[in-house]
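Please look at the sequence and the 3D structure shown below, and keep both in view while you read. The briefing that follows moves from the whole chain to a few selected places.

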Amino acid sequence: MGLGLVGGWWRGEVGESVRRNVALVGVLVVLVVVGVVTRPDLYGDVGWVGDNVMSILALASAVGVVTVGMTFVIIGGGIDLSVGAIIALAGVWSTTVATQRFGAGGMIFTALTVATCVGLVNGLLISYGRLVPFIATLAMLVAARGLAAEISGKQTQVSGNATINGIASGDVLGVPLLVVVFVVVGVAGWVLLNRTTFGRRTVAVGGNPEAARLAGINVRVHTVLLYTLSGFCCGIAAVMLTAQANSAQAAMANLYELDAIAAAIIGGTLLSGGRGTIVGSLLGVVIFATITNLFVINDLSTETQNMVKGGIIVAAVLVQQFRFRSLTQFFTRNRLTPAR
């Protein structure tokens with residue numbers, strides 16, 4: 001009886017996300033094996049392995065926070081191409097001389113407020129301005145980068161606040177503070193998506209907006225909230241990146257939108273909306289960070305790394321469009337009847 005329940009849970013529609021996440025963990029294991037084979041001298045040092053794991057997670061932290069917000073937006077049937085520009089604008093605005101006079105609290109408040117407000121504008125343009133998400137967020141990408149360059153005078157703004165700068169080097173019980181923030185945001189995102197009405201409404205809006213409207217969900221307001229949430233996550237990431245570089249500039253977080261979208265896709269989030277998991281998206285982020293680390297320790301070029309990432313994205317989309325379950329259904333529908 002117990003085995004039957006487990007088998008049904010594993011094979012059913014509900015277990016699809018579980019199967020995908022297990023597959024992503026398998027990919028991580030394969031990447032580790034590749035690292036052991038190519039650099040046995042490094043992986044033979046247990047201390048180095050522990051430090052390397054924390055380095056990978058720290059590398060993935062800012063993108064991971066952005067990916068949480070991006071996952072909600074995509075599940076809700078949208079897309080946000082402006083996340084990298086929002087991070088740059090929030091980072092530059094929070095490191096101006098005027099803002100830094102208010103200390104760490106003022107800088108963090110400014111980054112979160114600016115990013116959240118820009119996300120709110122995205123949501124309003126899409127929901128009430130009836131702009132296509134791709135166009136609205138693409139326009140915001142250009143505008144936010146331009147405003148960030150204007151505010152900074154196209155110069156790098158140095159953060160002189162020791163508290164902000166210490167975020168990148170701080171730790172909690174030996175775990176880097178950046179990783180702690182990454183985990184906290186990931187857990188909060190999981191709870192919000194899987195254990196709240198907001199999460200259920202997000203899936204409903206992305207799956208069928210008209211049906212969601214008829215069910216009593218205010219689709220416009222919910223869409224605004226999704227992009228506002230994405231902006232808030234960008235504000236957190238802006239503080240994290242500013243801490244890592246001890247500075248901010250208009251070019252920071254370049255192509256973060258592509259990294260976040262790619263991580264969400266390989267994590268099982270449908271570009272058409274209505275399905276996705278926070279765990280899968282974060283595993284996607286860690287996979288890309290592990291690939292980057294693997295190329296660095298093997299002194300391989302960035303160009304080759306980008307080609308590999310591109311191949312992974314294409315493969316993930318193909319898997320979404322042609323899943324094994326669809327293949328089995330095809331054979332089930334077309335099986336030959338036995339002769340009498």
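At 42% relative accessibility, does L255 count as buried, partly exposed or exposed? With that value L255 counts as partly exposed, because the partly exposed class covers what lies between the buried residues, under 20%, and the exposed ones, over 50%. This is a predicted model, and the points below are grouped by topic.

**The chain as a whole**

- The protein chain contains 17 helices and 4 strands, and of its 340 residues 46% are buried.

**Two residues with a positive phi**

- Most residues other than glycine have a negative phi, and this is the background for the next two points.
- L255 is not a glycine, yet its phi is positive, at about 65°; L255 is found in the loop that runs between β4 (247-248) and α14 (256-266).
- L173 also has a positive phi, near 55°, in a residue other than glycine, and its place is in the loop between β2 (171-172) and β3 (175-176).
- L173 has a relative accessibility of 86% and therefore counts as exposed, since the exposed class begins over 50%.

**Salt bridges**

- Side chains of opposite charge can pair when their charged atoms come close.
- A search of the whole structure finds 2 salt bridges, and one of them joins the side chains of R39 and D41, with 2.8 Å from N to O.
- In the other, the side chains of E210 and R213 meet, with 2.5 Å from N to O.
- E210 and R213 both belong to helix α12 (residues 209-214), where they are 3 residues apart, or about one turn of the helix.

**A pair of packed helices**

- Two packed helices are described by the angle between their axes and the distance between the axes.
- The axes of helix α10 (residues 177-194) and helix α13 (residues 219-245) come within 11 Å of each other and cross at roughly 170°, so α10 and α13 are roughly antiparallel, given that angles over 145 degrees are placed in that class.
- On the α10 side the residues that meet the partner helix are L178, V181, V185 and L192, while α13 brings L229, I236, M240 and Q244.
- Sorted by class, this contact of α10 with α13 has 7 nonpolar residues, 1 polar residue and no charged residues.

**A buried phenylalanine**

- F288 lies in helix α15 (residues 278-297), and because its relative accessibility is 8%, F288 counts as buried.
- Which residues is F288 in contact with, leaving aside its neighbours within four places in sequence? They are A262, A263 and I266, together with K309, I312 and I313.
- F288 and A262 are 26 residues apart along the chain, and their C-alpha atoms are separated by 9.1 Å.

Note on methods. Residues are numbered from 1 along each chain as its sequence is written. This is a predicted model: local features need pLDDT of at least 70, side-chain atom pairs count only at pLDDT 80 or more; totals for chains, interfaces and linings use all residues. Side-chain values use heavy atoms; hydrogens and water are left out. Buried means under 20% relative accessible area, exposed over 50%, partly exposed in between (1.4 Å probe, protein chains only). A salt bridge is a side-chain nitrogen of Lys or Arg within 4 Å of a carboxyl oxygen of Asp or Glu. Axes are lines fitted to C-alpha atoms, for helices over the stretch in contact, and angles run from 0 to 180 degrees between N-to-C directions. Angles under 35 degrees count as roughly parallel, over 145 as roughly antiparallel, 65 to 115 as roughly perpendicular and the rest as oblique. Contact means heavy atoms within 4.5 Å. Ala, Val, Leu, Ile, Met, Phe, Trp, Tyr, Cys and Pro count as nonpolar, Asp, Glu, Lys and Arg as charged, and the others, Gly among them, as polar.
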